[in-house]
Amino acid sequence: MHDPSDTEAALDRTAAIVRSASGIVVLTGAGISAESRIPTYRDAMEGLWASFDPQRLATPEAFAADPETVTRWYDFRRLRCAEAEPNPGHLALAALQAWCAARGTPFTLLTQNVDRLHQRAGSTDVVELHGTIMAWRDAETGEPWSPPEPPEPIRDFPPRTDRGHLARPDVVWFGEMLPPAAVGIASEAVGSCDVFLSVGTSSQVYPAAGFAEAVSRHGGRVIEVNPESTPLTRLAAAVLRGRSGAMLPALLARAGVVGV
Ligand code: BJW
């Protein structure tokens, strides 16, 4: 049974850590967007896509073997992300960034999410480790390719660019390299922060899953916000066991961060 007084004590402890931070890195995962009704990767997919496994579709091999199914799946998700709204968890992180900026505390938001909800909540300089589903590109040349805007379904599958090449979402699939610029910013921020908040990620997909370990090794404190335990929990100086849409605003209110 979860004891609510544990949450109160954890909120107090975490607020003290945030208030005394000299550099904060936040890493978000699919869980922060769950309250915006975007399913996590570990959630079963719905309706039409109930029998498809995200871990098998999010690969270059799946795209090569069946570009139509893979691009239909991504277009379905692109439209869903466009319809979704940021939730109180996204808004709280935007407020935390503004608070850090006012105090001169370095702050970096790293996200594994492809939905762009952090930017729509007001966060700036968001580091998209796994790219974004809202931008597409020529699968051969890498040139940008625009799906219909304002968002409406792509008409012909698989979509092709003017050159006749396949188009694909600008995301990072298993086995692909992360964008080097994003990895560079993340490495620098992880190496120099003293507080690392892991929010709504199962901490199973690398290299992002290794960031908390790196922070912990150099003496930084790790905070986990997640309703479930993860492989990272053992490293955490504080754990907020609950939904990020409830926990992050509560944490910031305790820490005295305005604008939440
Ligand atoms: C809530 C909540 C609420 C629910 N509030 N929380 C080292 C060791 C072993 C393997 C590797 C390694 N290094 C690299 C690898 C291989 C691989 C990998 O990590 N494999 C693992 C499966 C082991 N990594 C890669 O291939 C990466 N590339 C790379 O490293 O290049 C170099 C290299 C290549 C090959 C070999 C070696 C090196 C690329 C990874 C790309 C990941 N891409 C995806 C798809 C993006 C496109 C798309 O959207 O389709 O990214 S996979 C998917 O997982 C997506 C996510 O960003 C990512 C992480 O998932 P996340 O965010 O954690 O979501 P969930 O669903 O897992 O968890 C949700 C959590 O939320 C849960 O904990 C819930 O409890 C919680 N939650 N409601 C707060 N309200």
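1. Helix 2 (31-34), helix 3 (54-57) and helix 5 (67-83) each give at least two residues to the lining of the largest pocket. Helices (H or I, at least four residues) and strands (E, at least two) are DSSP runs, numbered from the N terminus.

2. This is a predicted model: local features need pLDDT of at least 70, side-chain atom pairs count only at pLDDT 80 or more, and totals for chains, interfaces and linings use all residues. Residues are numbered from 1 along each chain as its sequence is written, and side-chain values use heavy atoms, with hydrogens and water left out.

3. Three strands make an open sheet in the order 5-4-6, with antiparallel pairing. Strand 5 (144-145) and strand 6 (167-171) are at the edges, each with a single partner strand, so one side of each has no neighbour in the sheet. Strands pair if DSSP finds at least two bridges between them.

4. Strand 4 (residues 131-138) is joined to strand 5 by two bridges. Tryptophan 136 stands opposite tryptophan 145 in strand 5. Helix 5 packs on the sheet and touches strand 4 and strand 6. Its direction makes about 135° with that of strand 4 (axes are lines fitted to C-alpha atoms, for helices over the stretch in contact; angles run from 0 to 180 degrees between N-to-C directions).

5. Aspartate 115 sits in the loop between strand 2 (107-111) and helix 7 (117-121). Is aspartate 115 buried or exposed? At 5% relative accessibility, aspartate 115 counts as buried (under 20% relative accessible area; exposed is over 50%, partly exposed in between; 1.4 Å probe, protein chains only). Leaving aside neighbours within four places in sequence, aspartate 115 contacts Ser33, Ile38, Cys81 and Met134 (contact: heavy atoms within 4.5 Å).
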